[in-house]
Amino acid sequence: MAWKKTTINIDGRTMEVPAPEIISASRSTDIPAFYADWFFHRLETGYSVWNNPFNGQKSYVSYRNTRFIVFWSKNPKPLLPYLPVLKERGIGCYIQFTLNDYGEDGLETGVPPLEERIGTFKALSETLGKEAVIWRFDPLVLTDSISIDTLLEKVGRIGTEIHGFTEKLVFSFADISSYRKVKANMDGSGIPYREWDKVAMEEFAGKLSRMNHNKGWNLELATCGENLDLGKYRISRNRCIDGDLITRLAWRDKNLMAALGTSIREMPSSVFLTWMTCLTVRFCYPATGISSAVTGKTRASVPPAAVWPPRTSGSTTPAPIFVNTAMPTQARRRQQPTGGCTGRTRRQKR
């Protein structure tokens with residue numbers, strides 16, 4: 001599948017730019033939580049520009065053909081007032097909502113209280129439909145005070161509240177030592193983490209599968225970025241950009257269905273604009289370090305400029321990345337890091 005292209009005119013210059021049908025916003029930064037205003041302004045304007053921080057070159061993406069958006073967020077509450085905008089423009093969406101319970105553990109300090117996030121989850125589900133809001137408990141972190149059973153209790157508390165508002169739970173096992181800077185962040189924060197091994201992963205998977213059945217949730221369970229096959233626990237591997245789900249949600253959109261084709265299993269997703277930082281967590285795989293991330297617990301105030309990254313108010317640190325797009329397969333092979341939903345694959349545990 002090749003990208004369509006279109007022409008845009010900027011400062012008297014006409015240029016041909018990619019105009020993808022599907023946008024992923026974004027695996028590398030929480031656009032909905034911190035940059036919803038900016039994103040929807042650029043959607044209305046029709047294009048965005050990205051300044052590559054390494055070579056200074058500009059890249060462009062047009063939204064002229066956009067028919068569907070996959071959002072990724074730990075706090076998508078700022079999306080709620082914009083959902084009517086998507087409906088008016090005939091743009092579908094689903095949301096990968098990471099809803100963890102690490103507030104008392106010092107692992108997630110930049111997110112609203114759990115009860116508020118649960119309320120947001122329910123509101124989105126009631127608006128979009130439960131099939132369009134995917135629950136991610138991601139990643140699963142072991143520490144001296146967080147055991148497998150503790151994690152299951154956390155999942156159980158949230159699941160009791162939201163199992164009727166979603167159809168799917170996606171999870172991954174934190175892989176700290178394989179990422180030098182993540183390890184440094186955790187060590188520097190004094191968090192006594194423990195690594196997962198195959199035995200521990202299978203123990204968690206088996207107990208989660210039984211809990212899902214015994215509690216009557218009957219959610220689809222899936223892992224993200226894991227090599228370990230957990231199929232015997234009825235746990236599948238997740239798709240970052242799920243062509244089947246998009247078809248289910250937007251089958252009436254003839255243009256989008258034509259773009260997807262009839263044999264699509266997963267839309268390839270690769271970083272198109274990359275400024276990899278994190279704003280809310282200690283265990284961020286994309287971030288180069290906590291010190292490089294924009295900090296703060298409130299939404300950033302950003303100018304309506306076309307260029308990404310915008311700068312947050314009162315900060316000289318460039319804001320994180322904005323958008324991934326569904327890419328042609330050959331481009332994905334050249335540019336995408338091997339791995340799962342977060343652009344990484346776990347080193348094989350023995």
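Predicted model: local features only at pLDDT ≥ 70, side-chain atom pairs only at ≥ 80, totals over all residues.
Residues are numbered from 1 along each chain as its sequence is written, and side-chain values use heavy atoms, with hydrogens and water left out. Local features need pLDDT of at least 70 and side-chain atom pairs count only at pLDDT 80 or more, whereas totals for chains, interfaces and linings use all residues.

The axes of α5 and α7, lines fitted to C-alpha atoms over the stretch in contact, come within 10 Å and cross at roughly 30°. Because angles under 35 degrees count as roughly parallel, α5 is roughly parallel to α7. The residues that meet, with contact meaning heavy atoms within 4.5 Å, are tabulated here.

| Helix (DSSP run of H or I, at least four residues) | Residues in contact |
|---|---|
| α5 (residues 148-162) | Ile148, Asp149, Leu151, Leu152, Val155, Gly156 |
| α7 (residues 198-214) | Ala200, Glu203, Phe204, Lys207, Leu208, Met211 |

By class, this contact of α5 with α7 has 8 nonpolar, 1 polar and 3 charged residues, Gly being counted as polar.

A nonpolar core is a set of buried Ala, Val, Leu, Ile, Met, Phe, Trp, Tyr and Cys residues joined through side-chain atoms within 4.5 Å, where buried means under 20% relative accessible area with a 1.4 Å probe and protein chains only. In the largest such core, of 67 residues, Phe39, Phe71, Trp135, Trp196 and Phe204 touch the most other members. Apart from it lies another core, of 18 residues, which includes Ala132, Val170, Ala222 and Ile246.

Asn75 lies in the loop between β6 (68-73) and α3 (83-89), β6 being a strand, a DSSP run of E with at least two residues. Asn75 counts as buried because its relative accessibility is 15%; residues up to four places away in sequence aside, Asn75 touches Asp30, Pro32, Ala33 and Pro112.

Note on methods:
Axes fitted to C-alpha atoms, helices over the stretch in contact; angles between N-to-C directions. Parallel < 35°, antiparallel > 145°, perpendicular 65-115°, else oblique. Buried < 20%, exposed > 50% of the residue type's maximum accessible area, 1.4 Å probe, protein only.
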